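This briefing goes through selected local features of one chain, grouped by topic. The sequence and the structure come first.

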Amino acid sequence: MISLNRITKIYEASEIRVAALQDVSLTIEDREFVAIMGPSGSGKSTLMNILGCLDRPTSGSYRLDGEDVGSLDADGRAVIRTAKIGFVFQNFNLLPRTSALEHVELPLLYSESGLGAGERQEGSRAMLRRVGLDGRETHQPSQLSGGQQQRVAIARALVTEPAILLADEPTGNLDSRTSEE
(Lines give C-alpha, C1' and ligand atoms only; values in the text may rest on other atoms or scores of the structure.)
Protein backbone atom coordinates (compact mmCIF):
# COMPACT_ATOMS: atom_id res chain seq x y z
CA MET A 1 0.00 0.00 0.00
CA ILE A 2 2.76 2.45 0.99
CA SER A 3 6.35 2.40 -0.18
CA LEU A 4 8.88 5.08 0.74
CA ASN A 5 12.32 4.75 -0.77
CA ARG A 6 15.14 6.92 0.58
CA ILE A 7 12.89 9.88 1.47
CA THR A 8 14.60 13.08 2.56
CA LYS A 9 12.83 16.27 3.55
CA ILE A 10 14.85 19.43 4.03
CA TYR A 11 13.35 22.69 5.25
CA GLU A 12 15.20 25.86 4.34
CA ALA A 13 14.84 29.30 5.91
CA SER A 14 17.39 31.93 4.91
CA GLU A 15 20.72 30.21 5.22
CA ILE A 16 19.52 27.52 7.63
CA ARG A 17 18.83 23.99 6.35
CA VAL A 18 17.12 21.46 8.58
CA ALA A 19 16.87 17.83 7.52
CA ALA A 20 13.58 16.72 9.10
CA LEU A 21 13.86 13.31 7.41
CA GLN A 22 16.98 11.80 5.97
CA ASP A 23 17.12 8.68 3.79
CA VAL A 24 13.95 7.06 5.23
CA SER A 25 12.67 3.87 3.63
CA LEU A 26 9.45 2.23 4.75
CA THR A 27 6.95 -0.28 3.43
CA ILE A 28 3.45 -0.66 4.83
CA GLU A 29 1.22 -3.44 3.53
CA ASP A 30 -2.53 -3.25 2.98
CA ARG A 31 -4.45 -3.64 6.30
CA GLU A 32 -1.25 -3.33 8.33
CA PHE A 33 -1.38 -1.30 11.56
CA VAL A 34 1.77 0.76 12.15
CA ALA A 35 2.67 3.07 15.03
CA ILE A 36 5.49 5.54 14.51
CA MET A 37 7.04 6.70 17.76
CA GLY A 38 9.92 8.96 18.62
CA PRO A 39 10.92 12.04 20.57
CA SER A 40 9.70 15.52 19.74
CA GLY A 41 11.52 16.87 16.68
CA SER A 42 12.34 13.44 15.27
CA GLY A 43 10.32 13.97 12.05
CA LYS A 44 7.09 12.13 12.87
CA SER A 45 4.82 14.98 11.77
CA THR A 46 6.89 15.56 8.64
CA LEU A 47 6.61 11.87 7.79
CA MET A 48 2.85 11.95 8.41
CA ASN A 49 2.48 15.01 6.16
CA ILE A 50 4.34 13.23 3.37
CA LEU A 51 2.38 9.99 3.85
CA GLY A 52 -0.85 12.00 3.79
CA CYS A 53 0.11 13.86 0.61
CA LEU A 54 0.08 17.19 2.45
CA ASP A 55 3.75 17.73 1.64
CA ARG A 56 6.31 16.42 -0.84
CA PRO A 57 9.72 14.97 -0.08
CA THR A 58 12.82 16.88 -1.12
CA SER A 59 14.18 13.65 -2.59
CA GLY A 60 13.35 9.98 -2.76
CA SER A 61 10.24 8.23 -4.02
CA TYR A 62 6.81 7.66 -2.52
CA ARG A 63 4.37 5.18 -3.99
CA LEU A 64 0.85 4.89 -2.64
CA ASP A 65 -1.19 1.93 -3.85
CA GLY A 66 1.24 1.59 -6.76
CA GLU A 67 1.06 5.24 -7.84
CA ASP A 68 4.07 7.58 -7.67
CA VAL A 69 2.60 10.36 -5.55
CA GLY A 70 5.87 11.96 -4.46
CA SER A 71 6.11 13.87 -7.70
CA LEU A 72 2.47 14.98 -7.99
CA ASP A 73 1.56 18.65 -7.84
CA ALA A 74 -0.78 20.03 -5.15
CA ASP A 75 -3.95 19.26 -7.14
CA GLY A 76 -2.85 15.69 -7.83
CA ARG A 77 -2.05 15.13 -4.17
CA ALA A 78 -5.46 16.58 -3.20
CA VAL A 79 -7.22 14.01 -5.42
CA ILE A 80 -5.29 11.17 -3.75
CA ARG A 81 -6.01 12.55 -0.25
CA THR A 82 -9.72 12.80 -0.94
CA ALA A 83 -9.98 9.34 -2.46
CA LYS A 84 -7.77 7.27 -0.17
CA ILE A 85 -6.76 8.98 3.08
CA GLY A 86 -8.51 9.89 6.32
CA PHE A 87 -6.81 12.15 8.89
CA VAL A 88 -7.21 12.53 12.63
CA PHE A 89 -5.08 15.49 13.66
CA GLN A 90 -3.83 15.98 17.20
CA ASN A 91 -5.42 19.43 17.39
CA PHE A 92 -8.62 18.23 15.62
CA ASN A 93 -8.64 21.03 12.96
CA LEU A 94 -12.32 21.81 13.56
CA LEU A 95 -13.84 25.02 12.19
CA PRO A 96 -15.31 27.13 15.02
CA ARG A 97 -18.69 27.95 13.44
CA THR A 98 -19.33 24.56 11.88
CA SER A 99 -21.56 21.91 13.44
CA ALA A 100 -20.42 18.38 14.21
CA LEU A 101 -22.61 17.07 11.38
CA GLU A 102 -21.18 19.59 8.89
CA HIS A 103 -17.62 18.62 9.90
CA VAL A 104 -18.31 14.96 9.21
CA GLU A 105 -20.02 15.81 5.91
CA LEU A 106 -17.07 17.85 4.59
CA PRO A 107 -15.00 14.94 3.22
CA LEU A 108 -18.09 13.59 1.46
CA LEU A 109 -18.61 16.95 -0.26
CA TYR A 110 -15.10 16.78 -1.72
CA SER A 111 -15.17 13.10 -2.60
CA GLU A 112 -16.31 11.74 -5.92
CA SER A 113 -18.91 9.56 -4.19
CA GLY A 114 -21.82 11.19 -6.03
CA LEU A 115 -23.90 11.18 -2.85
CA GLY A 116 -26.79 13.61 -2.60
CA ALA A 117 -27.28 15.93 0.38
CA GLY A 118 -29.65 13.50 2.12
CA GLU A 119 -27.29 10.57 1.72
CA ARG A 120 -24.35 12.64 2.98
CA GLN A 121 -26.32 13.67 6.07
CA GLU A 122 -27.54 10.13 6.71
CA GLY A 123 -24.01 8.69 6.48
CA SER A 124 -22.60 11.48 8.63
CA ARG A 125 -25.28 11.01 11.30
CA ALA A 126 -24.56 7.26 11.33
CA MET A 127 -20.85 7.93 11.81
CA LEU A 128 -21.53 10.37 14.66
CA ARG A 129 -23.69 7.68 16.31
CA ARG A 130 -20.87 5.18 15.83
CA VAL A 131 -18.48 7.40 17.82
CA GLY A 132 -21.06 8.08 20.54
CA LEU A 133 -22.18 11.57 19.52
CA ASP A 134 -25.84 10.91 18.78
CA GLY A 135 -27.76 14.08 19.64
CA ARG A 136 -24.71 16.35 19.22
CA GLU A 137 -25.06 16.88 15.45
CA THR A 138 -25.85 20.60 15.69
CA HIS A 139 -23.19 21.42 18.30
CA GLN A 140 -20.23 23.59 17.31
CA PRO A 141 -16.74 22.84 18.68
CA SER A 142 -17.07 25.39 21.50
CA GLN A 143 -20.14 23.46 22.72
CA LEU A 144 -18.27 20.15 22.86
CA SER A 145 -15.72 18.80 25.32
CA GLY A 146 -12.20 18.03 24.12
CA GLY A 147 -13.04 14.33 23.93
CA GLN A 148 -16.20 15.04 21.94
CA GLN A 149 -14.26 17.26 19.54
CA GLN A 150 -11.79 14.44 19.05
CA ARG A 151 -14.63 12.03 18.28
CA VAL A 152 -15.96 14.48 15.65
CA ALA A 153 -12.48 14.48 14.09
CA ILE A 154 -12.43 10.66 14.15
CA ALA A 155 -15.89 10.47 12.57
CA ARG A 156 -14.81 12.93 9.88
CA ALA A 157 -11.74 10.80 9.10
CA LEU A 158 -13.75 7.57 8.87
CA VAL A 159 -16.86 8.72 7.00
CA THR A 160 -15.42 8.13 3.51
CA GLU A 161 -14.16 4.66 4.52
CA PRO A 162 -10.60 5.52 3.45
CA ALA A 163 -8.04 2.88 2.55
CA ILE A 164 -5.54 4.65 4.83
CA LEU A 165 -6.16 6.27 8.20
CA LEU A 166 -3.43 8.57 9.51
CA ALA A 167 -3.83 9.58 13.13
CA ASP A 168 -1.68 11.83 15.31
CA GLU A 169 -2.44 10.79 18.91
CA PRO A 170 -6.09 10.06 18.02
CA THR A 171 -7.15 9.07 21.53
CA GLY A 172 -5.13 11.60 23.54
CA ASN A 173 -8.21 13.45 24.86
CA LEU A 174 -10.43 10.42 25.34
CA ASP A 175 -11.07 8.40 28.48
CA SER A 176 -9.82 4.78 28.57
CA ARG A 177 -13.16 3.17 27.70
CA THR A 178 -13.82 5.44 24.72
CA SER A 179 -10.23 5.01 23.52
CA GLU A 180 -10.70 1.23 23.45
CA GLU A 181 -14.00 1.57 21.57
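On the face of helix 2 turned away from its buried side sit the exposed residues Asp75 and Val79. The model is predicted.

**Helix 2**
- Helix 2 spans residues 74-84, and its buried residues are Gly76, Arg77, Ile80 and Lys84.
- These residues lie on the same side of helix 2, because they cover an arc of only 95 degrees around the axis.
- In general, an α-helix has 3.6 residues a turn, so residues three or four places apart point the same way.
- The cover over the buried residues of helix 2 includes strand 3 (59-64), strand 4 (67-68), strand 5 and strand 6.
- At the N-terminal end, helix 2 is capped by Asp73, which has a side-chain oxygen 3.3 Å from the backbone nitrogen of Asp75.

**Strands 5 and 6**
- Strand 5 (residues 85-88) and strand 6 run parallel and are joined by four bridges.
- Within this pairing, Phe87 stands opposite Leu166 of strand 6, and Val88 has Ala167 as its bridge partner.
- Strand 5 is covered on both faces: Ile85 and Phe87 are buried on one side, and Gly86 and Val88 are buried on the other.

- Two or more lining residues come from each of helix 2, strand 5, helix 3 (100-110) and helix 5.
- Helix 3 supplies the largest share of the lining, with four residues.

**Gln149**
- Gln149 belongs to helix 5, which covers residues 146-158.
- With a relative accessible area of 17%, Gln149 is buried, because the cut-off for a buried residue is under 20%.
- The side chain of Gln149 reaches the backbone oxygen of Leu144 at a distance of 3.2 Å.
- Apart from neighbours within four places in sequence, the contacts of Gln149 are Phe92, Leu94, Pro141 and Leu144.

- Most residues other than glycine have a negative phi.
- Ser14 is not a glycine, yet it has a positive phi of about 55 degrees.
- Ser14 is located in the loop between strand 1 (2-13) and strand 2 (16-28).
- Ser14 is exposed, with a relative accessible area of 80%.
- Asp23, also a residue other than glycine, has a positive phi near 60 degrees.
- Asp23 is placed in strand 2, and at 41% relative accessibility it counts as partly exposed.

How values were computed
Residues are numbered from 1 along each chain as its sequence is written. This is a predicted model: local features need pLDDT of at least 70, side-chain atom pairs count only at pLDDT 80 or more; totals for chains, interfaces and linings use all residues. Side-chain values use heavy atoms; hydrogens and water are left out. Buried means under 20% relative accessible area, exposed over 50%, partly exposed in between (1.4 Å probe, protein chains only). A polar contact is a pair of N or O atoms within 3.5 Å; within protein, one must be able to donate a hydrogen and the other to accept it, and residues adjacent in sequence count only if both atoms are side-chain atoms. Contact means heavy atoms within 4.5 Å. Two strands pair if DSSP finds at least two bridges between them. The arc is that of the directions from the helix axis to the C-beta atoms.
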